[in-house]
Amino acid sequence: MMKKKSISASKASLVFFLCQMISALDVPLDSKLLEELLQPPTITQQSPKDYIVDPRENIVIQCEAKGKPPPSFSWTRNGTHFDIDKDAQVTMKPNSGTLVINIMNGGKAEAYEGVYQCTARNERGAAISNNIVIRPSRSPLWTKERLEPNHVREGDSLVLHCRPPVGLPPPIIFWMDNAFQRLPQSERVSQGLNGDLYFSNVQPEDTREDYICYARFNHTQTIQQKQPISVKVFSMDSLNDTIAANLSDTDIYGAKPVTERQPVLLTPTGSTSTKVELRGNVLLLECIAAGLPTPVIRWIKEGGELPANRTFFENFKKTLKIIDVSEADSGNYKCIARNILGSAHHVISVTVKAAPYWITAPRNLVLSPGEDGTLICRANGNPKPDISWLANGVPIAIAPEDPSRKVDGDTIIFSHVQERSSAVYQCNASNEYGYLLANAFVNVLAEPPRILTTANKLYQVIADSPALLDCAYFGSPKPEIEWFKGVKGSILRGNEYIFHDNGTLEIPVAQKDSTGTYTCVARNELGKIQNEVHLEVKDPTMIIKQPEYKVIQRYGQVSFECIIKHDSTLLPTVIWLKDNDALPDDERFLVGKDNLTIMNVTDKDDGTYTCIVNTTLDSVSASAVLTVVARPNPPFDLELTGQLERSVELSWIPGDENNSPITNFVIEYEDGLHEPGVWHYQTEVPGTQTTVQLKLSPYVNYSFRVIAVNEIGRSQPSEPSEQYLTKSANPDENPSNVQGIGSEPDNLVITWESLKGFQSNGPGLQYKVSWRQKDVDDEWTSVIVANVSKYIVSGTPTFVPYEIKVQALNDLGYAPEPSEVIGHSGEDLPMVAPGNVQVHVINSTLAKVHWDPVPLKTVRGHLQGYKVYYWKVQSLSRRSRRHVEKKILTFKGNKTFGMLPGLEPYSSYKLNVRVVNGKGEGPASPDKVFKTPEGVPSSPSFLKITNPTLDSLTLEWGSPTHPNGVLISYILKFQPINNTHELGPLVEIRIPANESSLILKNLNYSTRYKFYFNAQTSVGSGSQITEEAVTIMDEAMASRQVDIATQGWFIGLMCAVALLILILLIVCFIRRNKGGKYPVKEKEDAHADPEIQPMKEDDGTFGEYRLFSFVSSAPF
């Protein structure tokens, strides 16, 4: 029981020592410091463990080390001291442990095979290298052998063995022919991992006499060649011919034809095999099968999946390759060879072993006297490696004792070390598959603090980014680090700072107020030292206006903006890139202060443009894409296929769309027979279509071209297609727009639109023109004409209907029967006038007229309508005649009435009616007289107000321009207007119609009045005319105002007031510009003068109502 407690205490002590490891020092890689500090040796460079050398060259075995003082070097060979001074062929490089064995001057590499180890030693300890095994490479010749030709039957399998000589390292194998050409390989023929050439089944083309295996030895740069191997493949046909030549006609002969066979594995043999591979290596598994047809190989892992991302198939899936294998890749791998007749399989049991590998390699310890520390050496492998320790290259069991050292398996524990405890320890981890050797020194130092960072170093950072202020230090014991800000600042603490173990002070988010001087203090029991550094925080560089995506047409001009904002103490540089590369060396690219302009843009300018702004502290960038668009390139490679009499298929290849999608293709054609050089629209198709079926007409020599269209415009036309001449045929159609209209009363003019050239369908195009009078039992009259589009039939009755048709024909025959149209012979003027004309007056400006229609036979043409002529004879109110102006209204069609608008009231009118056809107007009906009733008058022609006095005004007016009846009176209305433009009570006066002036009396003095004036007939009042006028002021008051205004004292007072106001305005302006306050307005608001409040008119109303009288210029 006591023993268990002791073990527990030992474990607790070990944990305590492990926790104290954090006190071990790291020595900074400062060259000056390293020159001053004592340090045990450290191996920095050595040759590989398995070192294969070229026997023709000098052997160089590397061993480099560092330490203070500089170490000396020695070597062992095969476990014993190697005295290089006794071998003239061996030298050691100065200040180095590297050996040079002179082979080129008579030495033999084989004499120096062996295991070498280097030791580097100084007063603080000794470090050793790995065991370096030196072996010269070998490239032996092939042993001579007699190779018999291989005679193989077609379809059988075959293996050509290479069996290269054993070399060091193993050679690379490949198969070639006499012309040094690699032999082709496939699923049927391939090279195995052992170098043999495998044929799953042979074919007659495999017959050749120069199958040659080559072995290349890379170290010696030599290639060895095996004797050529001959292969003769007998086909079944040739074998049967040979048998037939040696047998009589009565013998039965014939070899069996090539038979198909299910797969059989050529390698590996049997149903199972094993494979051992080391951890971290590449696992290669191979299966090659014979069979006909050639089998296909498939791989699976039993009970699992093939590792993803590490599995590869090579040699036509005959080789399974798994890289960086681990113990988890152990298991059974099955290959399956299959063809149509069956399958064969083989299981390979894979075991992954492991040479030792580090879990924790020992690390150098720098301790101060009296400190504790540990060296840990942990490794793993399969099988698990053994751990052993050495001290200064000597097994620790026989090394000089050190009371501060205790070995506990894979750990060495150091307690209360002294300077004599300095040494180099080696950890060796080994198993049957290899070993690991690591050096780690324990260096016991007593050093006062040193600060390695340059004094007064200036740090500059961008605001809102981290600031790292260095304080690289060294001391033993390890110094404590403190930071202060400013000359007399307090120690820095808190969450806004991060203190790193290497002494660095980190300000995670530096602000402008972080700028200043910072002091780093390092202290241990041997001393204290401090250092100042300076921090400046700068404003960040920003792109305040970034370049934007641009679409530009070819040959246009484009500009990208890049406007920046930066710290005034930083000097920015702006760089423009195109597609992350420098701008083209082209004068079209103009780089301005804050923009990039590209002149005369071309297609190659398409891409991404980036503006990069660099300062010494930061960098920002922004990008934009330039898309150069243009009209599409013309289509090309036009091809006509499927030529038929009435159709053909046209196909083409689109040209470059130039960054703007093609929306449609336009197809045009040229008729080389009828209109050479003239291109006509045929059809168009969507931009995704590149073929079209075209309808054709007979007797046309077609050529086609295609035009591509996008949003920018149309491309140039493509090159014309080949010509295609269609056969002649009867016309398919007849002329269109056939009409028959007479130009004279005794003719009929027949017109039509001629067929175009390609519509003729053949040579000899003519027209058969036929006509006959409608509703009369007449035969068709016909004529055949050519090269015209009109025919005149003479001697026809006036305006009678005719049936007309025009038919096309050519040398091959007639077009289909044409449809008939109705035409008429020439028109003549109508013969009679409309009768029974009646007028119904609706009101003073509108009347309705009626008439009886004329007989259609008397129209002698197409009835177009009726015209009503009407005119004003006189005004009934004035009895004066004037110039007669006739007006005409046309009523289309067979109407028998119409409205006459816009008549003048109280007037006498006349009208007549005439019938109209295509030739002209017929005779007029007798004039019909009608009168319009009275209407309301127009406004008086004028209203004048004269002779204003204190209480009267004189009004004068003119009669209405259009009385529209008998005037019966005038109506005058008026009302006063006060200073706020409010209207007073309205007064109305009726005035006899024969008056032309009026004096209004008993008015208020100095008052404005508004007058409304209109005339009246028996129908009602007309529109009014308005006017305003003012009565004059009292004479005494007026004279007083004149007297005051003309007095000198009054004029002087007004001038003084104006000058005072001007001075106040100037003072206010000056005080406002100086930012002063202006309290005048506040005082005015606080002490408003009641005498200058807005004036009101006696409670807002006018004076009492007064009786108004007037004096007229004529009695009633």
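Figure 1. At 10% relative accessibility, D177 counts as buried (buried means under 20% relative accessible area, exposed over 50%, partly exposed in between, with a 1.4 Å probe and protein chains only). R208, at 28%, counts as partly exposed. The two residues form a salt bridge, their closest N and O atoms being 3.4 Å apart; a salt bridge is a side-chain nitrogen of Lys or Arg within 4 Å of a carboxyl oxygen of Asp or Glu. The pair links distant parts of the chain, 31 residues apart: R208 is in strand β17 (residues 208-217) and D177 in the loop between β14 (172-176) and β15 (189-191). Helices (H or I, at least four residues) and strands (E, at least two) are DSSP runs, numbered from the N terminus. Residues are numbered from 1 along each chain as its sequence is written. In this predicted model, local features need pLDDT of at least 70 and side-chain atom pairs count only at pLDDT 80 or more, while totals for chains, interfaces and linings use all residues; side-chain values use heavy atoms, leaving out hydrogens and water.

**Figure 2. The salt bridge between R646 and D732.** Their side chains meet at 2.9 Å, N to O. R646 lies in the loop between β57 (636-641) and β58 (647-653) and D732 in the loop between β63 (724-725) and β64 (736-741), so the pair ties together parts 86 residues apart in sequence. R646 is partly exposed, at 37% relative accessible area, and D732 is also partly exposed, at 41%.

**Figure 3. An open sheet of 4 strands.** The order is β75-β74-β77-β78, with antiparallel pairing; two strands pair if DSSP finds at least two bridges between them. The edge strands, β75 (887-892) and β78 (928-931), each pair on one side only. Strands β74 (residues 865-875) and β77 (residues 907-916) pair over 10 bridges.
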